[in-house]
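Welcome, and thanks for taking a look at this one. Here is a short tour of its cores, ring pairs, salt bridges and surface.

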Amino acid sequence: MSFVIFIILLLMIAGIFFWKINRWLSLLLLAPMLVLFGFASYVLFNMWYETTPESLNFNVQHEGSEYIIENSWEKPLDVYRFPTDFVVFYVPNTSTVTNVKRERVKDYKEMAELEDSVKGWVEEKYPSNLTTQVFDIKASKNGRFTFSLPQGIKEKEVEVYYVHLRSEPMDTIEFWIKEIEIKP
């Protein structure tokens, strides 16, 4: 590692020295340093940048017994996000929402452990005496999912949350949650 740093410093000094003599040769000598600075800047920016609940917007529509929720992000998604996010429903009387349609990641079957982690985290942070249901949804700039409420359950009795996950390399999973308001 120190040898690589020594070579880059040597190229940088040579590039500065040759600037007045031959600019093309100087740029060629300085190119590895520029690439290294570009890569370091990219990594540092992505370690710092995170999406927030405020950058996620929802559009809720109601067609008969079916609810259509479209989400859109105002800012780009963070690089260290998971390919999937989750939608959590709290439904009364041990009922379940039905006809849930959403875009899923290809390897969603491998997400069962992650789904259990999300369910445990949500139940711990936002305890409720209602039945918890968790559905995975592909994390994308613009998403859409639909569902139907069980017979006899009204909109105000149901709580819906969007859970976003991210994890930097060699770090623990971070969650944040945003409520989706369903109005009649």
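Trp73 is buried, with a relative accessible area of 4%. Keep in mind as you read that this is a predicted model.

**Aromatic pairs**

- The model holds eleven aromatic pairs.
- Trp121 and Phe175 make a stacked pair, 4.9 Å centre to centre and with 20° between the planes.
- Trp121 belongs to helix α3 and Phe175 to strand β8, so their pairing ties together parts that are 54 residues apart in sequence.
- Trp121 counts as buried at 18% relative accessibility.
- Ring pairs also join Tyr67, Phe89, Phe135, Phe145 and Phe147 into a cluster.

**Nonpolar cores**

- The largest nonpolar core has 22 residues, and Val87, Phe89, Val97, Phe145, Phe147, Val160 and Tyr162 touch the most other members.
- Strands β2 (66-73), β3 (84-91), β5 (131-138), β6 (142-148), β7 (159-166) and β8 (174-180) are the elements that each give two or more residues to this core.
- Apart from this core lies another, of 15 residues, which includes Val88, Val105, Leu114 and Leu165.
- Leaving aside residues up to four places away in sequence, Phe147 touches Ser65, Glu66, Tyr67, Ile69, Phe89, Val97, Thr98, Asn99, Val100 and Ile182.
- As general background, nonpolar side chains tend to be buried together in soluble globular proteins.

**Salt bridges**

- There are seven salt bridges in the model.
- Glu70 bridges to Arg144, with the closest N and O atoms 3.5 Å apart.
- That bridge spans 74 residues of sequence, from Glu70 in strand β2 to Arg144 in strand β6.
- Both ends are partly exposed, Glu70 at 28% relative accessibility and Arg144 at 46%.
- Lys138 and Glu103 meet in a salt bridge of 3.6 Å, N to O.
- Lys138 lies in strand β5 and Glu103 in the loop between β4 and α3, so this bridge ties together parts that are 35 residues apart in sequence.
- Lys138 is partly exposed at 34%, and Glu103 is partly exposed at 46%.
- Arg104 forms a salt bridge with Asp136, the closest N and O atoms being 2.8 Å apart.
- Arg104 is in the loop between β4 and α3 and Asp136 in strand β5, so the two connect parts that are 32 residues apart in sequence.
- Arg104 is partly exposed at 32%, whereas Asp136 is buried at 2%.

**A loop residue and a surface patch**

- Met111 is found in the loop between β4 (98-102) and α3 (112-125), and is buried with a relative accessible area of 10%.
- Not counting residues up to four places away in sequence, Met111 touches Pro83, Thr84 and Val105.
- Phe3, Val4, Phe6, Ile7 and Leu10 make a nonpolar surface patch of about 490 Å².
- Ile7, one of the patch residues, is in helix α1 (residues 2-17) and is partly exposed at 31%.

Conventions: Residues are numbered from 1 along each chain as its sequence is written. This is a predicted model: local features need pLDDT of at least 70, side-chain atom pairs count only at pLDDT 80 or more; totals for chains, interfaces and linings use all residues. Side-chain values use heavy atoms; hydrogens and water are left out. Patches are made of residues with over 30% relative accessible area and no salt bridge: like charges are joined within 9 Å, nonpolar side chains (Val, Leu, Ile, Met, Phe, Trp, Tyr) within 5 Å. Accessible areas come from the Shrake-Rupley method with a 1.4 Å probe; for residues, only the protein chains shown count as cover. A salt bridge is a side-chain nitrogen of Lys or Arg within 4 Å of a carboxyl oxygen of Asp or Glu. Helices (H or I, at least four residues) and strands (E, at least two) are DSSP runs, numbered from the N terminus. Buried means under 20% relative accessible area, exposed over 50%, partly exposed in between (1.4 Å probe, protein chains only). A nonpolar core is a set of buried Ala, Val, Leu, Ile, Met, Phe, Trp, Tyr and Cys residues joined through side-chain atoms within 4.5 Å. Contact means heavy atoms within 4.5 Å. Rings of Phe, Tyr and Trp (its six-membered ring) pair if their centres lie within 6.5 Å; planes under 30 degrees apart count as stacked, over 60 as edge-to-face and the rest as tilted.
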